[in-house]
Amino acid sequence: MTHSPRIERYALIGDMQTSAHVCDTGSIDWLCLPRFDSGSVFAALLGTEEHGFWRICPAPGSGVDPGLVAERRYRGDTLVLESVWNTETGTVRVTDFMPPRGGTPQVFRIVEGVSGVVPMVSAMRPRPGYGRVSPWIHEACGRMVAEAGADALWLDTSVPQTEKDGVVVSRFDVAAGHSVAFVLSWCPSHAITPQIPAPYAALAETLAFWRDWAGQCTYNGPFRTEVVRSLVTLKALTYMPSGAIVAAPTTSLPEELGGGRNWDYRYTWLRDASTTLAALLGAGYRSEAEAWRRWLLRAVAGDPENLQIMYGITGERDLPERVLDWLPGYEGSAPVRVGNGAAAQFQLDVYGEVIETLYLAHRSGITPCSDTAALHQRLIGQLAQRWREPDEGIWEVRGLRRHFVHSKVMAWVAVDRTVRLAEDGALPGVDLPALIKLRETIHHEVCTNGYDPVRNTFTQSYGSQELDAALLIIPQTGFLPTDDPRVIGTVDAVRRELSTPEGLVRRYPTAGDQQGVDGLPGDEGAFLLCSFWMVDALALTGRLVEAGALFECLLALRSNLGLLAEEYDPVTRRQVGNFPQAFSHEGLVASAYLLQQLSAAPAATLELVTDTGRPQPVLPELVPQSA
């Protein structure tokens, strides 16, 4: 197994159409252009430097280990990254960012001398096609360009550049008070040459954009710094032209180091996008919800009967999964996959997440839309026909379909929120008595077939003995009162059987080398979203102190830049899975909201949360604040 930098050593920069992963060595090891789901031009993250990288750092022999950055931070509540190296001859700062895109996708790297004189080196090996293609690198009009098929990468700087063996190198000194800028621009190889950019104007515009966006956050609780960083990360995962939200900007970062649970998350899951929008709505961000609603209408189009669990970022339905066998994978974790075969699965819970988001949009004052109302009615009609079917469930099992309890609870949520909207007069034309009866029928079946009275817990699926951390959402939904013994028993059972010694929560039991309930061999780390669900479940069942302690523990697992992957491996004590993960940051934000609300007015707020559903939907203006 090769040893790669820990996932948490990477920073994220992005332009809300794609993103780059910058290691604390000064190397960009992952960048897809021009979109999140495009082929990468740097893929060292999933292989070696032979698969593409771009590193700017002090030159060897300058008296510093390039891997030892003295300081790294985002500049305030922005996505502008600053890295500082202290060397024997001086101090240097590198500022990395991608301006919100108005045209050409660009990566800016500005090298500034802070003190003394520091010898620096920029080395870039572009390898389009996920590290498989060696481009034609040449000078054109005094600029360096790498061309391969339909792609052209232009590297502009004021210092000399040379190319040898596929690597573009610049060696230069930077003195205190001076700076050198590098700009990488992508364009179609047949297109007009991109204009030479203005780095400092782009920096000012990028800082202004993020400061203005973060300044609109209405959350002012005790975890504001952590919440805003997570919200900025979630915003960075939006695809601005369409309103879609990717689950993560990477593919195939492993759930188990050296294992095969490696998936492509650069698409829009209806579930993930819905919960992300709930987090944004809770902080007062409504334009993202309006944009996503338009994307949903386009993606589902006139075919809600064939609702998919995920789509491409502009609504693509066909996401064929294939293996990139020339990439060895992160720390030898093969295979590396692009595309996602789970797109064709049936996951009943998606109806609940989508309809709850539409309900949230209504509660937050977003203008009603007749097209959305029509789609809503067709979705609930499909749910009424299909809710008794088994499905692959929230965790996208690749084994046999089952009657997953979480799926049935979310089907109940879909009907319940539809009833609420109809009672509010926001969804005319539905058969309200029939929906109320359907809600009661689903509830009765779940409580009868999905509950184990001997163990006093709901189970993963009808008739099974296994537990599932997704059961922790039951107290969030209003399906049962939070003080119901069945709810408390389920929370305690999950805590007892699926928690690690540190209190983190696994999704469900895995089977090691054998095929488990999910149809896959291998293990995985603790799932961070499930751990945040445990925070919420403890808080909602009256254990606020324990909830707060677990929340603080989870905050401590973030990288030094405040980022979270999908999972955490308590054995190796490192983050695993795709990074950064929308689910994890959404969970952090939701838990922060809930802890503030319950701490401010426990009794009144608990009643309101139970009435309106999950913590994410509880908007600040709907919750009484303490004087």
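What follows is a talk about the terms used for this model.

Modeller: First, the ground rules. This is a predicted model, where local features need pLDDT of at least 70, side-chain atom pairs count only at pLDDT 80 or more, and totals for chains, interfaces and linings use all residues. Residues are numbered from 1 along each chain as its sequence is written, and side-chain values use heavy atoms, with hydrogens and water left out.

Colleague: Why is Leu595 called buried?

Modeller: Buried means under 20% relative accessible area, exposed means over 50%, and partly exposed is in between, with a 1.4 Å probe and protein chains only. Leu595 has a relative accessible area of 7%, so it is buried. The residue lies in helix 14 (residues 582-600). Helices here are DSSP runs of H or I with at least four residues, strands are runs of E with at least two, and both are numbered from the N terminus.

Colleague: Which residues does Leu595 touch?

Modeller: Contact means heavy atoms within 4.5 Å. Leu595 touches Val535, Ala539, Leu544, Ala547, Gly548 and Phe551, not counting residues up to four places away in sequence.

Colleague: What does strand 8 do with strand 9?

Modeller: Strand 8 pairs with strand 9 (residues 106-125) in the antiparallel sense, over 8 bridges. Asp96 has Arg109 as its bridge partner in strand 9.

Colleague: Why is strand 8 said to be largely enclosed?

Modeller: Count its buried residues. In strand 8 (residues 90-97), 7 of the 8 residues are buried, so the rest of the structure largely encloses it.

Colleague: What makes strand 24 and strand 26 edge strands?

Modeller: Start with the order. An open sheet of 3 strands runs 24-25-26, with antiparallel pairing. Strand 24 (526-527) and strand 26 each have a single partner strand, so one side of each is left without a neighbour in the sheet. Strand 25 (residues 567-569) is joined to strand 26 by 3 bridges. Asp569 stands opposite Arg574 there.

Colleague: How do you know that Arg574 makes polar contacts with Tyr330 and Glu331?

Modeller: A polar contact is a pair of N or O atoms within 3.5 Å; within protein, one must be able to donate a hydrogen and the other to accept it, and residues adjacent in sequence count only if both atoms are side-chain atoms. The side chains of Arg574 and Tyr330 are joined at 2.8 Å. Those of Arg574 and Glu331 are joined at 3.1 Å.

Colleague: What makes a space a cavity?

Modeller: On a 1 Å grid over the protein atoms alone, a cavity is a set of points where a 1.4 Å probe fits but cannot get out; lining residues have an atom within 4 Å of a point. Grid points are joined across faces, edges and corners, and a volume is the space filled by probe spheres set on the points. The structure holds 5 cavities of 30 Å³ or more. The largest cavity has about 290 Å³ of space.

Colleague: Which residues lie nearest the centre of the largest cavity?

Modeller: Tyr265, Trp395, Glu396, Arg507 and Glu566, out of 22 lining residues.

How values were computed: Pairing = 2+ DSSP bridges. 1 Å grid on protein atoms, 1.4 Å probe; cavity = no way out; pocket = protein on both sides within 12 Å on 5 of 7 lines; lining within 4 Å.
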